[in-house]
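Good morning. I will take a few minutes to walk through one complex, so please have the sequence and the picture open.

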Amino acid sequence: MAASSRQRLDDPRWYERAVFYELLPRGFYDSNADGIGDFEGLREKLEYLEWLGVDCLWLLPFYPSPLRDGGYDISDFLTVAPELGSTDDLAAVIEDAHRRGIRIISDLVMNHTSDQHPWFVESRSSRDNPRADWYMWADDDHGFADVRVIFLDVEPSNWTFDQRRQQFFWHRFFHHQPDLNYDNPDVVDAMLGVVRFWLDLGIDGFRLDAVPYLYKAEGTACENLPGTHQLLRRIRAEIDASYPGRIMLAEVNQWPDAVVEYFGDGDECHMCFNFPLMPRMFMAIRREQRFPITEILAQTPAIPDGCQWGIFLRNHDELTLEMVTDEERDYMYGEYARDPRMRKNLGIRRRLAPLVDNDRRVGELLHGLLLSLPGSPVLYYRDELLMGDNIYLGDRDGVRTPMQWTPDRNGGFSRADFAQLYLPPLMDPVHGFQAVNVEAERRDPSSFLHWLRRMLAVRHQYPQFATGTLEVLPADNPSVLAYVRRARDVLDGAGEPLASGPSASGLDGAGEPVPSAGAPAAVLCVSNLSRFAQPAELSLGRWEGCTPIELLGRVPFPRVTSAPYSVTLAPYGIYWLELVER
Amino acid sequence: MPPDPAALEGLVVPYLERQPWFLADMSRVDRSVRANARLADLEVLLHERPGLASVVVTVGGHSFHVLVGWREPALAPAILGSRQGAVLGICDDGSGEVLCYDAFADEELSAGLLAIASAGRESARRVRLVQSLVSHASLVYDERLFMKCYRVLEPAPRQEVELLLRLDEVGFKHLLGAVARWERAGWDLALVREYVAGAVEGRALALTSLRDLLGRAADEDRMQSEEVGAAGGDLGSEMRRLGEITGSLHLALAEAFGVRTLQAGDGSPRLAIRVHGDYHLRRVLRTDAGWIVAGFGDDPLIGRFGGGGERREPRFASPLEDLADLSYSLRQVAAEAVAVRPVATWAQARRLAESWERRNRDALISGYLGVEGIGTLMELDRPAAVSSLEALVAERAAG
């Protein structure tokens with residue numbers, strides 16, 4: 001069964017080696033022809049996800065919501081949105097996924113609720129109701145004056161006046177998303193109840209939204225405060241005690257040295273996203289030089305044992321530019337978003353393919369980096385097809401259009417009338433469903449989808465990619481990025497050393513990678529960031545006498561000698577080479 | 001037993017005469033002077049086999065340093081491989097014939113040099129010879145340290161050594177710090193410094209930027225000069241950062257060596273500092289932690305200092321001189337990038353390259369003038385500084 005070939009469900013450290021797949025349940029597959037994707041539809045498509053080789057699904061918010069912020073405005077934490085199905089339907093998805101060796105984590109927004117949430121409806125009704133202190137109320141809007149406004153395109157202030165209660169309430173994001181007051185122990189208890197509810201249902205963990213802002217204090221930036229860390233440790237302790245193997249993945253859009261605080265001493269979050277790495281991968285390719293990447297790798301501190309970065313190319317939000325300097329931000333805008341509609345807040349709302357001018361070579365290069373740099377890769381649904389976007393849709397909807405399954409009506413996403421769909425599918429001649437869809441790409445062995453599947457299989461065979469050390473190698477050519485991933489002496493959850501060689505492959509057919517036996521080797525990754533062919537000389541002195549073997553075709557390259565090692569790379573070319581002692 | 005000094009001298013002098021770096025200078029020296037080459041210093045470093053000696057030969061006012069290794073002749077081919085040019089000849093070490101050769105051709109001896117140069121404080125498992133230039137050879141140890149072995153010697157302290165040590169003292173950290181110094185008989189023989197793996201010469205980054213710009217112009221056929229900053233490989237931000245590093249280098253040089261007042265051409269007094277003196281895109285390295293100043297143009301035989309065995313005087317000048325050197329090297333590298341494009345595109349490429357040069361020079365100046373305290377060295381406001389700089393660059397282009 002597939003589970004044995006990938007992630008063992010009894011491995012509590014599975015997330016260190018997992019490939020994540022972020023998906024929008026309402027955009028994945030519509031089973032009941034109402035124009036909205038649902039859980040039953042997702043369950044039907046699990047076969048595809050298993051075939052692709054992903055290990056964990058991250059479901060974007062599926063809770064009841066007025067949907068004024070893509071579902072991040074939750075109006076009930078303890079059930080699912082009725083248009084997606086029932087809680088039982090979700091439980092069935094979880095059960096089926098687990099049978100296939102796939103885990104599921106869900107988005108959880110702890111910082112705020114929708115203003116439609118009964119908690120807020122009650123809280124705003126008077127100044128003395130039982131939930132009067134569940135949110136942050138004030139008589140004026142002078143408090144926390146130094147705190148930056150995140151959605152500065154649309155929100156003039158973090159305070160909004162409520163007519164009924166005749167007070168201001170605090171919100172770090174939209175004005176319809178009031179922040180919860182975690183100084184109130186009842187709020188903490190309520191949120192712990194939410195956590196337990198979903199874990200009891202079988203959810204494997206949470207992607208925690210907007211974590212840095214949970215606690216507030218006057219005179220601070222209201223970010224990364226001690227109370228927030230304390231709360232995370234409390235949730236973690238609860239998970240470790242009652243739900244081992246479940247994870248917390250934090251969204252902390254800050255510099256790496258601030259983010260590592262959220263790993264605590266290995267007693268806070270299991271995973272955090274590495275935000276600054278992402279825009280720099282794009283920048284490196286645009287500048288055709290490696291320094292944007294190597295610089296951020298050099299600044300990324302070590303993380304505690306048992307912790308892992310989550311890395312990604314694109315997600316449901318804009319391409320975040322908060323973590324680049326102003327100068328670099330101007331540069332990214334200029335490069336990737338010439339059309340002002342593509343700009344949003346401090347980011348760019350584009351999908352991967354149009355962001356790279358639909359160049360498959362760049363798509364492969366970026367995914368090659370994603371799958372080989374330190375961290376667990378998080379794919380965004382449909383990027384495996386190099387699907388496009390629709391910048392004419394409002395807010396961030398442009399990157400949330402339906403999955404394209406077939407060239408049929410509505411891209412095979414739904415049998416509903418076109419006008420009924422939650423968002424129109426892409427229909428342009430380049431990225432539209434008639435040109436880009438799962439069915440066509442599965443039939444075509446040379447498609448990007450097949451290429452990515454092969455790369456995922458190779459990645460699973462080499463634990464170095466997941467938990468190995470990274471060493472950037474000197475290369476004389478600045479357009480070439482070379483690094484070596486080497487296995488550490490990792491023990492798995494049961495205290496056994498990990499298999500030294502690659503494990504069995506999920507691939508079949510001819511030309512598949514053949515695992516080599518013996519001690520875990522180093523894997524050399526070489527990438528050409530330029531659109532022109534490039535030569536490079538690498539310093540491989542330490543591996544003198546080794547034979548580099550290309551991982552996809554098992555082709556031996558010339559043996560490493562004491563002289564600089566010469567490689568030539570095609571435009572945007574990548575090599576993954578195992579350094580085998582012979 | 002090491003070979004006898006006279007025998008070594010007899011091998012080293014003809015070997016020197018075969019070296020292009022020796023002749024480069026010696027061509028100016030009379031043949032009769034050449035005949036006066038003599039052994040000035042000999043230190044045997046390893047007495048057994050393989051053996052090693054440091055040999056200094058003086059001729060025509062210059063001193064040359066050769067590291068000589070020796071082994072049994074039967075073993076030598078396996079060690080030297082194809083590096084036959086390194087062979088000096090056969091002599092006797094008391095217990096039989098040995099083959100003598102330039103020690104850089106022998107990895108075992110080259111690796112051992114690190115411990116010798118650092119008086120035993122450093123050692124390495126791997127070594128590679130990266131450069132063999134007119135004035136020195138560079139060896140990299142374990143991708144961690146590199147050693148510059150000087151071939152053409154100068155009386156200690158050699159300017160480069162002095163500059164590195166003083167800049168380090170005043171806290172300028174954007175350089176490859178000195179780790180050990182090998183000094184003997186009044187000469188600096190070698191300097192061991194930190195090595196930054198993965199660093200790239202400024203010139204390579206500039207060429208990458210130009211390749212992108214000129215390549216895109218060829219693809220799109222409509223690139224306008226004003227779009228230069230929007231090209232993917234824009235170097236502007238890097239040049240601004242390099243300007244900042246240059247400003248802090250000048251402040252450190254002023255602190256270490258003082259500020260003088262010199263008379264300008266029109267008789268007016270001008271502030272002068274000890275300048276780098278040979279500041280161009282090969283002298284700076286981009287590392288993962290930003291720019292560093294890699295070297296100081298340490299070459300007694302070439303460059304603006306001219307030849308001659310006498311000790312070179314440190315150069316005090318306007319800090320604009322260094323900026324002009326760097327700006328001029330932007331122009332040179334731009335010309336280099338244009339030259340490899342198809343001839344039919346040269347007119348367009350030149351236009352773009354000029355815009356590129358202007359943009360990056362402006363960024364360099366902006367970074368430089370933005371350094372806190374730089375006003376103490378630079379009396380000119382920005383427009384005046386730019387026009388002085390342009391004049392200095394034009395001077396270099398003309399001369």
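This is a predicted model: local features need pLDDT of at least 70, side-chain atom pairs count only at pLDDT 80 or more; totals for chains, interfaces and linings use all residues.

A:Glu50 is buried, because 21 other C-beta atoms lie within 10 Å, and the cut-off for buried is 20 or more. You can find A:Glu50 in helix 4 of chain A, which covers residues 46-52. Now look for A:Arg100. In sequence A:Glu50 and A:Arg100 are 50 residues apart, yet their C-alpha atoms are 6.7 Å apart in space.

Next, chain A as a whole. Chain A has 582 residues, and 53% of them count as buried. Its secondary structure consists of 17 helices and 21 strands. If we take the contacts in chain A between residues at least 6 apart in sequence, 70% of those contacts join residues at least 24 apart.

Now the domains. Where the two domains of chain A meet, 26 residues of domain 1 are in contact with 22 residues of domain 2. Which elements of chain A give two or more residues to the domain 1 side? They are helix 1 (2-5), helix 10 (277-287), helix 11 (291-299) and helix 14 (360-372). Helix 14 of chain A gives the largest share of that side, seven residues. Sorted by class, the domain 1 side of this contact has ten nonpolar, ten charged and six polar residues.

That brings me to the other chain. Between the chains, 20 residues of chain A are in contact with 21 residues of chain B. On the chain A side, helix 10, helix 11 and helix 12 (326-336) each supply at least two residues. Helix 10 and helix 11 of chain A were also on the list for the side of domain 1 that touches domain 2. By class, the side of chain A that touches chain B has seven nonpolar, seven polar and six charged residues.

Last, the confidence scores. For the complex, the predictor gives an ipTM of 0.74 and a pTM of 0.83. Chain B has an average pLDDT of 86, with 88% of its residues scoring at least 70. Within chain B, residues 302-310 have a pLDDT below 50, and this stretch makes nine contacts in the model beyond near neighbours in sequence.

That is the end of my part.

Notes. Residues are numbered from 1 along each chain as its sequence is written. Chains are lettered from A and ligands numbered from 1 in the order in which they are written. pLDDT is the predictor's confidence in each residue, from 0 to 100. Two residues are in contact if their C-beta atoms, placed from the backbone, lie within 7 Å. Helices (H or I, at least four residues) and strands (E, at least two) are DSSP runs, numbered from the N terminus. A residue is buried if 20 or more other C-beta atoms lie within 10 Å of its own, exposed if 12 or fewer, and partly exposed in between; C-beta atoms are placed from the backbone. Ala, Val, Leu, Ile, Met, Phe, Trp, Tyr, Cys and Pro count as nonpolar, Asp, Glu, Lys and Arg as charged, and the others, Gly among them, as polar.
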